[in-house]
Amino acid sequence: MMKLFAANWKMHKTQAEARQTAEELVRLVGSGLAADREVLLTAPFTALAATAQGLAGAARFSVGAQNFYPETHGAFTGEISPAMLQDAGASWALTGHSERRHVLGESDGFVGRKTAFGLAAGLNVIFCVGEKIEERKANQLAEVLTRQISLGLADVPRDVSPQRLCVAYEPVWAIGTGLVAGPAEILEAHALVRSQLAAIFGSAGREVRILYGGSVKPDNAAEIIALDNVDGVLVGGASLKADDFSRIVLA
Ligand code: PEP
């Protein structure tokens, strides 16, 4: 299975900065990208095309968006469609990121609608799940993941190509905080995600990649990526500088 190293640039980078970071990343990674690894840069809408230009077609590097609206077109002021993202060079998109759920108020049902719509529109999707600290303290990890996954994947066709869908486990308390889930916590959550994927997709559920996200840095990436059921990482803060992210990609 190819491991996916995905950057989430969030609301950072102008076009020039995005192009420069992408170019520098390709240069730093050089020929060192392991044969079983691929890299994805999720950029702000305005920087998608510039990011693609910076990558200049480098093999196993691609561009993704961080959000879209689940309609083809219409009176949705301020929103953007999957086809518009593809037109700007994106082949992937995130759904269900904790900042969209908890800052922008997206419900499990809306995240599910987006996930199914994005896949149907031809985007590959990284669907994000994860518990808040109060849910973890209340022993609700399994309950939260089960609810988010069952609603989030409810309308995804059971025969979807597993290579086109990833689930990112991102404990909310570990995003942007410097707190990393420990190996036991990651193993437990990823095993729960894996068993739910198998229940939904059967044997293909074993081929859906499960990414870990939450304060991944150059000095902890190798340990995390080596864990069972960790098929990649989703990286926020440490993906903004090409030097840091290249060290994660090469870890
Ligand atoms: C993220 O934004 O998905 C994320 C994991 O952020 P950070 O790496 O900064 O915790």
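Predicted model: local features only at pLDDT ≥ 70, side-chain atom pairs only at ≥ 80, totals over all residues.
Figure 1. By class, seven nonpolar, five polar and four charged residues make up the lining of the largest pocket. The space in this pocket comes to about 400 Å³. Its lining counts 16 residues, and those closest to the centre of the pocket are Met11, Gln66, Asn67, Arg100 and Leu104.

**Figure 2. The second largest pocket, where the ligand sits.** This pocket holds about 160 Å³ of space. Its lining consists of 16 residues; Ile175, Gly176, Ser215, Gly236 and Gly237 are the ones nearest its centre. Sorted by class, five of the lining residues are nonpolar, eight are polar and three are charged.

**Figure 3. Residues around the ligand.** The ligand is surrounded by 14 residues. Lys10, Glu170, Gly176, Ser215 and Gly236 are the closest of them. The shell divides into four nonpolar, eight polar and two charged residues. Gly176, Ser215 and Gly236, listed here among the closest to the ligand, also belong to the residues nearest the centre of the second largest pocket.

**Figure 4. Polar backbone atoms facing oxygen atoms of the ligand.** At serine 215, a polar backbone atom lies 2.8 Å from an oxygen atom of the ligand. At glycine 236, a polar backbone atom is likewise 2.8 Å from an oxygen atom of the ligand. The protein buries 98% of the 300 Å² that the ligand exposes when taken alone.

**Figure 5. Asparagine 8 and the ligand.**

Key:
Residues numbered from 1 in each chain as written. Heavy atoms only, no water. Near = heavy atom within 4 Å. Polar contact = N/O pair within 3.5 Å; in protein donor to acceptor, adjacent residues only side chain to side chain. Areas by Shrake-Rupley, 256 points an atom, 1.4 Å probe, with all protein chains shown as cover. 1 Å grid on protein atoms, 1.4 Å probe; cavity = no way out; pocket = protein on both sides within 12 Å on 5 of 7 lines; lining within 4 Å. Sits in = over half its atoms within 2 Å of the grid points. Nonpolar A, V, L, I, M, F, W, Y, C, P; charged D, E, K, R; others polar. Points joined across faces, edges and corners; volume = space filled by probe spheres on them.
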